[in-house]
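This report goes through one protein model, with its ligand and some of its helices and loops. Please look at the sequence and the structure before reading on.

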Amino acid sequence: MSNQTIKKNGTIKWQSPSNLAIIKYWGKFGSQFPRNTSISFTLDKAHTITQLKYNVKDVKDEQISLSFTFEGKQNEAFEHKVKAFLNKINNDYFPFLKSYHLHFDSFNSFPHSSGIASSASGMSALALCLCTMENELYGTLADTGLFYRKASYIARLGSGSACRSIFPYMALWGSHADIEASSNEIAIPYEDKIHPVFKNYHDDILILSNKEKSVSSTAGHGLMENNPFADSRYKQANERMLTLLKALEDGNTQLFGEIAEAEALTLHALMMCSEPSYMLIDPKSVEVINLVRQYRLDTKIPVYFSLDAGPNIHLLYPNEYQSQVSSFVEDQLKPLCYEQRIIYDQVGLGPKKLEN
Ligand code: DP6
């Protein structure tokens with residue numbers, strides 16, 4: 001395509017979800033490659049909407065030029081973070097970016113101070129906007145499969161777990177000798193081999209604290225390098241993965257839940273035995289965990305919990321138990337939540353391109 005016909009400006013908008021890992025990514029090497037295979041639920045309600053406006057520069061220079069507003073207000077921290085990221089990747093993946101001024105405007109569906117990690121939804125939304133821009137300018141990503149593979153690759157470079165948010169229902173990331181097409185570079189969609197019970201699974205996110213994390217995930221991954229349990233952990237994750245995939249295929253919600261809880265607690269145990277040691281759960285997390293386990297024992301309903309790198313509890317259960325579980329949540333768990341906040345989320349359909 002000749003220069004004269006290349007678009008001079010445009011507006012692109014994507015909505016992209018957060019995700020909850022069932023087998024956790026914890027430990028990385030090289031350019032954001034995972035030490036073990038992970039798999040996650042793609043969520044529905046917890047998402048980021050990012051709009052990108054691009055305008056061709058009058059005079060092309062060698063700088064990435066961008067501005068960033070978050071929820072309508074200029075946000076210098078995000079601006080620096082995204083600028084540093086684009087400076088790192090543009091030459092290799094989007095060489096046209098320096099010819100444009102870029103303005104990003106981003107919104108999260110969940111409250112800013114909710115302690116919900118926004119890097120997966122934020123970085124995946126950003127990657128999708130950049131891939132759409134490339135396709136609008138050059139038509140090089142017209143193939144849908146290729147488009148989503150590149151989006152997942154770029155999202156990974158921004159934040160490892162973000163590469164999984166690109167696909168509906170569930171996505172798997174990290175190469176595994178026994179899993180066909182698994183890759184360290186991109187996540188792969190994992191919707192075809194899961195039982196229907198998991199396609200509308202509930203994930204109620206109980207917000208127990210609004211505090212900033214004391215140790216970022218990136219620093220946490222770094223501490224795995226000297227963690228004395230690291231090697232056995234990576235081996236364990238890859239073995240658990242095979243058991244989990246079978247449970248997902250069979251619709252075995254009990255085995256699924258047992259693995260989800262074991263993974264959540266392993267993640268936090270790894271933090272506690274890092275050097276230096278640190279803790280991201282708090283007493284309320286433990287209180288909720290005990291209540292969930294007691295409720296399960298009393299009712300035989302397969303309600304299990306997971307945790308991300310923070311104190312909030314994700315309550316996982318099949319759709320058919322929604323009304324019973326809802327009374328439990330409202331009566332016993334909601335009062336323990338920060339400002340009674342709960343995000344009633346569910347497994348979702350993945351990112352959506354929105355009209356401007
Ligand atoms: C505990 O993807 O946030 O949520 O790659 O350094 O950006 P970076 O880390 P990040 O780590 C997420 C860790 C986790 C588990 C998971 O999502 O698999």
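How closely do the axes of helix H1 and helix H3 come, and at roughly what angle do they cross? The model is predicted, and this applies to every value below. In it, the axes of helix H1 (residues 76–93) and helix H3 (residues 144–158) come within 11 Å, with a crossing angle of roughly 145°. The crossing of H1 and H3 is right-handed. On the H1 side, the contact is made by Phe85, Ile89 and Tyr93. On the H3 side, it is made by Lys150, Tyr153, Ile154, Leu157 and Gly158. Sorted by class, the contact of H1 with H3 has six nonpolar residues, one polar residue and one charged residue.

A second pair of helices can be described in the same terms. The axes of helix H7 (residues 283–299) and helix H8 (residues 322–333) come within 12 Å and cross at roughly 145°. The crossing of H7 and H8 is right-handed. From H7, the residues Val288, Leu291, Val292 and Tyr295 take part, and they meet Gln324, Val325, Phe328, Gln332 and Leu333 of H8. The contact of H7 with H8 has seven nonpolar and two polar residues, and no charged ones.

The next topic is the ligand. Which residues come nearest to the ligand? There are 17 residues around it, and of these Tyr25, Lys28, Ser159, Ser161 and Arg164 come nearest. By class, the shell around the ligand has five nonpolar, eight polar and four charged residues. Helix H4 (residues 217–223) supplies the largest share of this shell, with three residues.

| Residue | Ligand atom | Distance |
|---|---|---|
| Tyr25 | oxygen | 2.6 Å |
| Ser161 | oxygen | 2.7 Å |
| Asp308 | oxygen | 3.2 Å |

How much of the area that the ligand exposes when taken alone does the protein bury? Taken alone, the ligand exposes 460 Å², and the protein buries 93% of that.

Two details of the backbone remain. Is the peptide bond from Glu275 to Pro276 cis or trans? This bond is cis, with omega near 0°. Pro276 is found in the loop between helix H6 (253–272) and H7, and H7 is the helix that crosses H8. The other detail concerns Gln32, which has a phi near 60°. That is a positive value in a residue other than glycine. Gln32 also sits in a loop, the one between strand E2 (28–29) and strand E3 (33–34).

Conventions. Residues numbered from 1 in each chain as written. Predicted model: local features only at pLDDT ≥ 70, side-chain atom pairs only at ≥ 80, totals over all residues. Heavy atoms only, no water. Axes fitted to C-alpha atoms, helices over the stretch in contact; angles between N-to-C directions. Helix = DSSP H or I, 4+ residues; strand = E, 2+ residues; numbered from the N terminus. Left-handed = near helix turned anticlockwise from the far one by under 90°. Contact = heavy atoms within 4.5 Å. Nonpolar A, V, L, I, M, F, W, Y, C, P; charged D, E, K, R; others polar. Near = heavy atom within 4 Å. Polar contact = N/O pair within 3.5 Å; in protein donor to acceptor, adjacent residues only side chain to side chain. Areas by Shrake-Rupley, 256 points an atom, 1.4 Å probe, with all protein chains shown as cover.
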